[in-house]
Amino acid sequence: KQWYQRRVRVEEVAKNLTGRAVATTEGLALAYASLFLMAVVPILWGSFRSITYHRKSKENGEAVEVMSTKDVYMFPIMASCMLFGIYCIVKYLSADHLNLVVASYFFIIGTWALSFIIRPVLGLIPGSSLLVEEELYHLKFNKGKFVYFECKFDMLYVVALVLSALFGVWYILKKHWLANNVFGLAFSVNGIEMISLGSVKNGCILLSLLFFYDIFWVFGTEVMVMVAKNLDAPIKVLFPMDFIEKGIFGSNFAMLGLGDIVLPGVFIALLLRYDTSKGEGSQFYFWTGFLSYVLGLGMTIGILTIFNAAQPALLYLVPTCVGIPLLLSLAKGDFTSLIAYDEEAEQNTPETSSTPEPDCKKTE
């Protein structure tokens with residue numbers, strides 16, 4: 001009884017000091033388990049979708065955009081500039097106007113991303129085949145020979161787009177954490193599916209640079225934490241630590257940034273495509289990378305729980321996701337082949353696809 005009373009007093013003091021209730025052990029466990037699940041599922045789903053996406057792009061004669069070495073080196077610099085710019089607006093100006101602009105932007109791209117997730121699901125509904133057409137609608141904005149935007153779609157995609165837009169309206173009006181998560185997970189799956197690092201070497205360089213990027217902005221400054229807490233946008237997945245007490249109306253959130261899902265995820269998807277390119281039917285490096293991510297994320301959550309302070313997840317994810325596959329490739333004698341894998345060099349002669357698929361692209 002004395003232990004219980006002392007715990008209640010400590011929680012009351014903590015609430016008075018921080019303005020938020022201390023999470024229970026059960027609430028923490030549920031929140032972290034949910035974040036863990038929301039991280040690993042998009043990586044699995046997006047990685048296997050990337051195989052289909054790259055194959056169909058080749059069959060249709062469409063070049064898959066890949067990151068060049070210059071892009072890789074510039075990415076942390078551009079990300080730092082954007083992060084610090086948002087921080088300055090949040091700290092010295094009002095975050096309300098920024099959140100309005102950001103919400104409008106994410107409504108548009110969130111609707112687009114979610115529609116590509118919903119369409120295959122709608123295709124499983126009996127009778128939906130009536131909306132799948134051999135000849136696709138073609139929307140194109142161009143000036144002379146320069147194409148600004150081009151999109152091919154069928155009526156099933158239109159239905160998916162309408163449903164996604166209705167969901168987006170709910171997100172705009174309520175800003176509920178469930179809506180935030182659905183958009184965030186849609187971004188994650190699409191990002192892992194479509195973003196190509198070009199080569200394993202590029203992936204190793206990018207993640208190594210982001211290793212230091214994450215450490216600096218989380219441990220060295222207040223920038224990353226302040227932006228994550230104040231920017232009201234689906235750039236993170238959330239789960240209330242008071243879910244047991246308040247259900248979906250909880251407000252004491254644990255969070256994980258989408259960058260900690262997508263950036264390792266695109267590298268793991270690249271490992272899967274490397275396995276596929278070998279034609280041996282093995283997915284050894286993919287599962288090695290995926291289980292390494294599970295290990296790194298588990299370490300992140302463990303350290304976060306022990307020290308009760310924000311952690312740069314890439315501090316733990318990069319050494320595991322990059323280091324373990326490379327070490328095992330050395331042991332198996334595949335290191336040279338793995339590090340030299342280049343997707344642009346692997347592209348085959350385009351083939352004609354017999355099944356039309358909705359496709360939207362923007363040319364800049």
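Does Phe290 count as buried or exposed, and at what relative accessibility?

1. Phe290 counts as buried, because its relative accessibility is 7%; buried means under 20% relative accessible area, exposed over 50% and partly exposed in between (1.4 Å probe, protein chains only).

2. The model is predicted: local features need pLDDT of at least 70, side-chain atom pairs count only at pLDDT 80 or more, and totals for chains, interfaces and linings use all residues. Residues are numbered from 1 along each chain as its sequence is written, and side-chain values use heavy atoms, with hydrogens and water left out.

3. The structure holds 22 aromatic pairs. Rings of Phe, Tyr and Trp (its six-membered ring) pair if their centres lie within 6.5 Å; planes under 30 degrees apart count as stacked, over 60 as edge-to-face and the rest as tilted. Tyr105 and Phe106 form an edge-to-face pair, because their planes stand at 80 degrees, with ring centres 5.3 Å apart. Tyr105 is partly exposed at 48%, whereas Phe106 is buried at 12%.

4. Trp287 and Phe290 are also edge-to-face, with centres 5.7 Å apart and planes at 90 degrees. Trp287 is partly exposed, at 36% relative accessible area.

5. Ring pairs join Tyr105, Phe106, Phe167, Trp170, Tyr171, Phe183 and Phe187 into a cluster.

6. The charged end of Lys332 sits over the ring of Phe284, 4.7 Å from its centre, and Lys91 lies over the face of Tyr92, 5.9 Å from the ring centre. The criterion is NZ of Lys or CZ of Arg within 6 Å of the ring centre and within 35 degrees of the ring normal.
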